[in-house]
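Hi,

Here is the model we talked about handing over. Have a look through it first, and my notes on what turned up follow below.

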Amino acid sequence: MLPPVPVPDLGMSRSWAFDGASGHGVDVAVVDSGIDTAHPAVGGLSDGVALHWDSELQDVVAVEGPHDDLFGHGTACAGIIRRAAPDCRLHSVRVLGERLTGKGVVFAEGVRWAVRSGCRVVNLSLSTRNEDLHSLLHDVADEAYFAGVVLVCAINNVRAASYPSQYAAVVSVAANDATDPYALDCNPSPPVEFGAPGIDVEVPWLGGSSIVTTGNSFAAPHVAGLVARMLSKHPSLSPVEVKAVLRAVSRNAVPVSGR
Amino acid sequence: MTEPSAQDLLEDLGRLATDLAPAVRPVGAQRLLASITESARQLFGARACSLALLTDDERELVYTTASGDGADGVTGLRLPAGQGIAGWVVVSGESVAISDVSADPRFARSVAEDTGYVPRAMLAVPVLVGDQVLGVLTLLDRDDARPGAEHDLALLSVFAEQTALTLQTDSAFERLGRVLLQALGSAAEGGSTLAEAVERAATSVPLADADLAELATVFAQLQRQGPAERRLAVRLVREVADYSGRRSPRLPR
């Protein structure tokens, strides 16, 4: 358990944030390996796009429409989000395919696609340690922030700086050992800002199956789902206000009144 | 007779270094990798540990080293790089921990067919140099009741770093000529004529010739044996050279 964190007592309780909400009307993008639409835990997709690097054109090419999940990881993230926000509109942005070439710029372009297409929440259970992408991804994170889009980023499982989870404009998440999906923690020592369930989580996988898995990858979609739920009830919240609410509803938050 | 140009000399130096590299290559990279997988397996109390390397065209993962259950079945196995849990680690560069894969019937079936051992739990971490993925280190059915087991992903990544260092050293010897000249080039002042000449020479040094590399490796092996074996080998090689010289007299000496 993280140490207590004092937060201003503004009446933003868990029930104020989430009760009666379902994610209805909120668009959520999963930037990952694709999503298996047919998996019962995913419950259908609104649309999707698959991006790849074209070495002849020397550019990123986006193909809109249905696509597979090659690995299961994107399907797992989508299933977790769906649990927290059953009525949200899910969008699959596939940025990982069979080839590794150009994956950094494909990743950045995938986030831009999600922002342009009107998603309010973007789940990024991916990151890069490539310093050459630092500036590009920083711009992308700022573009999302100013467009009112909440980027929820898993930090790398290994203690090494990775992007975009290090940036202040995003919501960065690591795994805690809670089982209650609402059990968030806020970290008094960033850059990791929040903890959410990510240890031994049962998630949907390929071919209609499910597996039990551990990692920060699976903590981020818990937060993305809760943010979608929150935005369906309080649509005018900006990314910085969303962060303030997430802090206020954390298990280790201690409300402090102003006199 | 004119003096060879600096460019020619540099290129010769690069070729010489590449040809001689196998003779001076540190021994036992493969043994070191085997020792890494075996020590990881023992430390984590795991049933098996394996290393799969990405091929140059990035299309396949080749299991080069394994220890524990199913090791014989998995060694030499080639799988498409863009699939499954190991594929995820390759394309994402992220590690993954799965406590129960048995609920994924496709995984269990394909693994059983390939190695004869179906794990329940697995940890898989990328072997990275910077942002480049060289392969995947996988641990099957570790003892997760050990104290500190919650930090196993980070700990396995330390073994992956060791693996990456071993692979890097080994591959530097495979292309020693280029590595040497590139090092000279970066030591020379950037943009200088010397730096440009060295870089030009580096790109023209061919990669190692497989036959020559093998010959140099055999010489290195003999060098580590006794003087009598070395004298015997020199006599044998001289005989072979004289014989083949008589058979193809037009070949240059």
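A definition to begin with: two strands pair if DSSP finds at least two bridges between them. Helices (H or I, at least four residues) and strands (E, at least two) are DSSP runs, numbered from the N terminus. By that rule, strand β2 of chain B (residues 60-68) pairs with β3(B) in the antiparallel sense, over three bridges. Within β3(B), Arg78(B) is the bridge partner of Val62(B).

Some housekeeping: this is a predicted model, where local features need pLDDT of at least 70 and side-chain atom pairs count only at pLDDT 80 or more, while totals for chains, interfaces and linings use all residues. Residues are numbered from 1 along each chain as its sequence is written, chains are lettered from A and ligands numbered from 1 in the order in which they are written, and side-chain values use heavy atoms, with hydrogens and water left out.

Now the sheet, which runs across both chains: eight strands form an open sheet in the order β11(A)-β12(A)-β4(B)-β5(B)-β6(B)-β1(B)-β2(B)-β3(B), with antiparallel pairing. Its edge strands are β11 (201-204) of chain A and β3 (78-80) of chain B, each pairing on one side only. From one strand to the next, the twist averages 30° (axes are lines fitted to C-alpha atoms, for helices over the stretch in contact, and angles run from 0 to 180 degrees between N-to-C directions).

The chains join in this sheet where β12 of chain A (residues 210-214) pairs with β4(B), antiparallel and over three bridges. There, Thr214(A) has Ala97(B) as its bridge partner in β4(B).

Two helices of chain B lie across strands. Helix α2(B) (residues 29-43) lies across β1 (48-54), β2 and β6 (132-140) of chain B, at about 65° to β2(B). Helix α6(B) lies across β1, β4, β5 (122-129) and β6 of chain B, at about 40° to β5(B).

As for the interface, 30 residues of chain B are in contact (heavy atoms within 4.5 Å) with 31 residues of chain A. The area buried between the chains is about 2,600 Å², 53% of it from carbon and sulfur atoms; buried area is the accessible area (1.4 Å probe) that two parts lose on being put together, summed over both. The elements giving two or more residues to chain B's side are α4 (84-92), β4 (96-100), α5 (105-115) and α6 (152-174) of chain B. The largest share, seven residues, comes from α4(B).

Best wishes
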